[in-house]
Amino acid sequence: MTQHLAAPSTGTSDPAQGPRTGWWRGAVIYQVYPRSFADGNGDSMGDLAGVRGRLPYLKDLGIDAVWLSPFYASPQADAGYDVSDYRAIDPMFGTLADADALIRDAHDLGLRIIVDLVPNHSSDQHEWFRRALAEGPGSAPRDRYHFRPGKGADGELPPNDWESVFGGPAWTRTTDPDGTPGDWYLHLFAPEQPDFNWEHPAVADEFRSILRFWLDLGADGFRVDVAHGLVKADGLPDLGSHEQLKLLGNDVMPFFDQDGVHEIYRSWRTILDEYPGDRIAVAEAWTPTVERTANYVRPDEMHQAFNFQYLTTGWDAGALREIIDTSLAAMRPVGAPATWVLSNHDVTRHATRFANPPGLGTQIRTAGDRGLGLRRARAASLLMLALPGSAYVYQGEELGLPDVTDLPDEARQDPSFFRADGQDGYRDGCRVPIPWTREGSSYGFGDGGSWLPQPAGWGELSVEAQTGAEGSTLELYRAAIAARRERPGLGAGDGIRWLDAPEGLLSFARPGFVCTVNTTGHAVRVAVPGALLLASSPVTVEGTETEVPADTTVWWTV
């Protein structure tokens with residue numbers, strides 16, 4: 001295996017601002033959840049060989065880059081987000097040679113590869129943590145994590161009141177080498193995911209080395225997991241509140257969105273800038289406001305940050321307009337592109353969220369009105385792809401897949417499902433392996449079945465069933481991404497011009513382009529602003545006016 005360079009840099013252009021460099025500014029980035037994308041060896045689990053074999057499909061879809069969720073060596077306590085070795089591939093996904101071949105093939109097709117980096121915590125099977133337990137209190141390895149004595153007469157209480165995102169205390173007590181109860185260690189997620197102590201220089205040094213390892217292998221960038229969590233407030237103070245999960249994303253927490261994280265990312269940016277090909281970093285940062293999210297993408301930090309505020313916005317014209325304006329305004333001063341995302345591996349698919357009444361959150365167990373959900377999902381996707389900046393597509397959303405809401409409890413594997421008072425634990429529903437063919441034991445996912453049960457009728461939503469089918473969701477995505485690439489007024493940019501529109505509708509212009517969105521449950525007659533380009537539902541133009549159907553987005557050329 002030899003080291004190689006990432007895909008060559010390409011420029012983008014925004015007619016309103018002149019030439020701009022940086023492929024990521026208008027990129028469509030496709031998230032692959034490897035265990036559920038394609039199985040190359042028939043063991044019922046998706047793998048890197050499976051992803052490699054399906055790269056031509058992604059090329060044909062028209063996307064610019066592939067973000068791969070974790071494939072590192074891991075005990076899989078949290079689907080690979082508990083890493084035991086950051087430089088090795090878990091055998092369930094393949095080998096380092098498989099990763100190398102995948103990156104090379106992607107580059108040959110003009111696709112970039114973004115790998116998931118998990119710097120907030122490791123696995124409890126990581127060499128450092130195993131040594132920390134074995135060597136006991138006061139040992140050097142313990143300084144690389146957050147070990148603290150407990151409160152109470154015998155240290156029987158956790159060191160503070162922090163709660164795990166997955167439920168229960170964020171602390172677990174250890175047993176010393178002599179068998180007596182010992183100190184506690186911090187884990188903001190599962191007990192198998194101890195948090196690193198980023199105040200320790202060895203941690204920073206290790207991750208700079210990890211970055212270089214993957215950049216040398218040809219990775220085009222990193223999606224940084226829990227980017228907001230690396231630095232904790234001095235002294236680890238009590239939060240003084242219960243049900244802390246409800247506070248996440250609403251306020252700066254002593255363990256999330258601390259200002260000290262930014263110095264880490266400035267250090268990383270200098271490394272990324274040493275490499276050719278516009279390597280990037282993308283922040284998964286849950287923050288109270290879009291303005292605080294913008295702090296992660298200042299010119300000397302990361303390149304993009306996920307726009308979770310947009311993801312959590314309901315199907316409502318007023319709310320959508322507000323978050324679009326806020327997002328663009330927040331990113332403009334720091335010179336970063338806005339990002340737009342509707343689904344990922346941690347939330348209920350938007351085809352199901354929009355099928356249910358508003359206000360139910362991002363993890364939902366009810367199927368709702370599937371026809372309504374798909375109609376709104378198609379419209380929302382066209383809106384997202386029309387906005388200036390970068391768009392993220394989660395595997396299977398281009399097929400209009402709903403969440404699988406009726407998984408039996410015994411099939412679930414989300415760790416938070418088994419812990420009280422944490423996340424709802426229904427993420428398995430969006431992680432069911434996607435269908436490639438109409439028939440077969442796993443609808444083309446692989447020859448050995450599927451690690452999560454697929455529903456009956458999955459085959460009718462498959463790639464095979466939708467390819468070439470007029471009006472299919474897959475062909476809608478292909479057409480929209482192609483139009484976005486071909487038209488200079490779409491893709492990169494930092495602004496739109498709002499047009500007058502009836503109540504419940506949105507209408508905005510970009511150079512040579514108009515987008516009309518009807519979020520109401522009934523058709524609305526509007527003036528025709530130009531030539532019909534694309535629509536999420538059938539639209540017939542009648543002279544100078546037309547009816548935009550309920551829950552429909554229309555693209556026009558002008």
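Predicted model: local features only at pLDDT ≥ 70, side-chain atom pairs only at ≥ 80, totals over all residues.
So, how many residues apart are E135 and R131 in helix α4? Four, which puts about one helical turn between them. Residues are numbered from 1 along each chain as its sequence is written, and side-chain values use heavy atoms, with hydrogens and water left out.

Okay, back to that pair. E135 and R131 make a salt bridge, with the closest N and O atoms 3.2 Å apart. By salt bridge I mean a side-chain nitrogen of Lys or Arg within 4 Å of a carboxyl oxygen of Asp or Glu. Helix α4 covers residues 127–135; helices here are DSSP runs of H or I, at least four residues, and strands are runs of E, at least two, numbered from the N terminus. The general point is that an α-helix has 3.6 residues a turn, so residues three or four places apart point the same way.

The cut-offs: buried is under 20% relative accessible area, exposed is over 50%, and partly exposed is in between, with a 1.4 Å probe and protein chains only.

Now, the pairs that reach across the sequence. D409 and R365 form a salt bridge at 3.3 Å, N to O. D409 sits in the loop between β15 (390–394) and α12 (463–466), and R365 in the loop between α10 (350–353) and α11 (370–386), so this pair ties together parts 44 residues apart in sequence. D409 is partly exposed at 41%, and R365 is partly exposed too, at 36%.

Then there's E542 with R525, also 3.3 Å from N to O. E542 comes in at 46%, partly exposed, and R525 is partly exposed at 38%.

How many salt bridges are there by this rule? The count comes to 31. Some are linked up: E263, R266, R298, D300 and E301 sit in a network of them.

Last stop, helix α13, residues 473–486. Its 14 residues reach 20 Å from first C-alpha to last, close to the 20 Å expected, where the expected span is 1.5 Å times one less than the number of residues. Its buried residues include L474, Y477, R478, I481 and R484.
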